[in-house]
Structures are given as structure tokens and as C-alpha cells.
Amino acid sequence: MQAVESQQIPASDFDAATRNTLTQSADEKISKLAQTLLLSTAPSTRQAVLEKFKPALSLAGDEAHGRVPFEKKCATCHKHRDLGQEIGPPLAALTNKSSEFLIRAILDPNQAIESKYTAYVATTKDGRVFPGMITDETATSLTLAKTDGKKTTLLRVDLDELKSTGKSFMPEGLELEITPQDLADLFQFVQGK
């Protein structure tokens, strides 16, 4: 955050998942600094984002090009065809969904969240912080998946706190990394067989 503040690193270098992790940090100093420095590059409301990307709904999508943003931004959590991991919701059911449905689900992921896809922050007794989504849970442990697809298993006896963020595991902010044409191409890839 100090490097961003001193303009050694541009705020735009942080992907949506990293911005989300930093702005929701359990360390209040990091959280406030990240909100000030990283969210200033993001549109202020989800409705404004949806309006900005509305042109994607009328653009012709290129399925082959849509594979590129899927591999870069979606495959760490979503599986589609031969690509990705099965952490987030399966995308096979989206082949019959409209582009209007997809644009809202992708750019406003907190609008409707299934409880099993909620983000959590686990803090251990030794002060380590683990953001992620619970993918497995037993009486003695829980496994959290991070937005990069990596998983961490924590013993319950080591936990100091486990707190829901109340938000989707899928981060907001993808609009900073793609164009409306990329989104139209992504729709074509996801909706194709």
C-alpha cells in the first residue's frame, strides 16, 4: 500500500480479487488504506458499472476470444468445459441464461448470493488471517479456498475468529480489467456448448 501511495505501483495493477482481499483486511490500517487507494479507481456504484457495460449486450461475441478472459479471470474458481476449477458455481447451467442475467451476475456479484458462496475471513490464534470461501467443513477443521484457487485447511482449535464478510466470494471490480467487447466475448464462450 505504501508503494501505491508513493506511486511506485499503479493501483490498476491490482486485480479484483486482490483489491477485495486488501479492502476487507482484518488489519484496520490496511483496510482503510486499501479502500482509499484502490477503490478510487473503481466506479462508485454497481448500477453505474452495469450502465457502462450495457453496450456488451448488443455486441457480437467471439467465442474463441471469450476463452481468454475466462482463463485469466474466471477459471481459478469456475469450471467450464475443459477449463478451470470447481470452487464457484458450475457454469454448465448458464448455457441457457440470457446475457442480461450474466452481466448482472458477473458485474454485481453481491446482488444475489447463495450462502455456500459467501466469503469469510478466518483469524488464527497466532494472528494469521485467511480470507476465502469455505469448501469443506468437519467438526475439527475447515478448508478455505482463496480467489487464486489455492486451499488452506485450518484446525478449529487454532481459530480465534471466523467471520462472514456478507459478500460473495466472487469479487467486484472485474470491470477494471475488461472491456465491453471482452464481456460480450465471455458471454459467447460461457453460453456456447
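This briefing walks through a pocket, a pair of helices and one arginine. The model is predicted, so local features need pLDDT of at least 70, side-chain atom pairs count only at pLDDT 80 or more, and totals for chains, interfaces and linings use all residues. Residues are numbered from 1 along each chain as its sequence is written.

**The largest pocket**
- The largest pocket holds about 1,000 Å³ of space; a pocket is an open set of points on a 1 Å grid over the protein atoms alone where a 1.4 Å probe fits, with protein on both sides within 12 Å along at least five of seven lines.
- Its lining (residues with an atom within 4 Å of a point) counts 41 residues, and His78, Pro89, Ala105, Pro109 and Met170 lie nearest the centre.
- Helix H6 (99–107) is among the helices that each supply at least two lining residues, and H6 gives the largest share, five residues.
- By type, the lining has 25 nonpolar, seven polar and nine charged residues.

**Two helices that pack**
- Helix H4 (residues 46–53) packs with H6 at an angle of about 135°, and their axes are 10 Å apart.

**Arginine 81**
- Look for arginine 81 in the loop between strand E1 (79–80) and strand E2 (83–84).
- Arginine 81 is not a glycine, yet has a positive phi of about 55°.
- Arginine 81 counts as partly exposed because its relative accessibility is 33%, which falls between buried (under 20%) and exposed (over 50%), using a 1.4 Å probe and protein chains only.

Notes: Side-chain values use heavy atoms; hydrogens and water are left out. Helices (H or I, at least four residues) and strands (E, at least two) are DSSP runs, numbered from the N terminus. Grid points are joined across faces, edges and corners, and a volume is the space filled by probe spheres set on the points. Ala, Val, Leu, Ile, Met, Phe, Trp, Tyr, Cys and Pro count as nonpolar, Asp, Glu, Lys and Arg as charged, and the others, Gly among them, as polar. Axes are lines fitted to C-alpha atoms, for helices over the stretch in contact, and angles run from 0 to 180 degrees between N-to-C directions.
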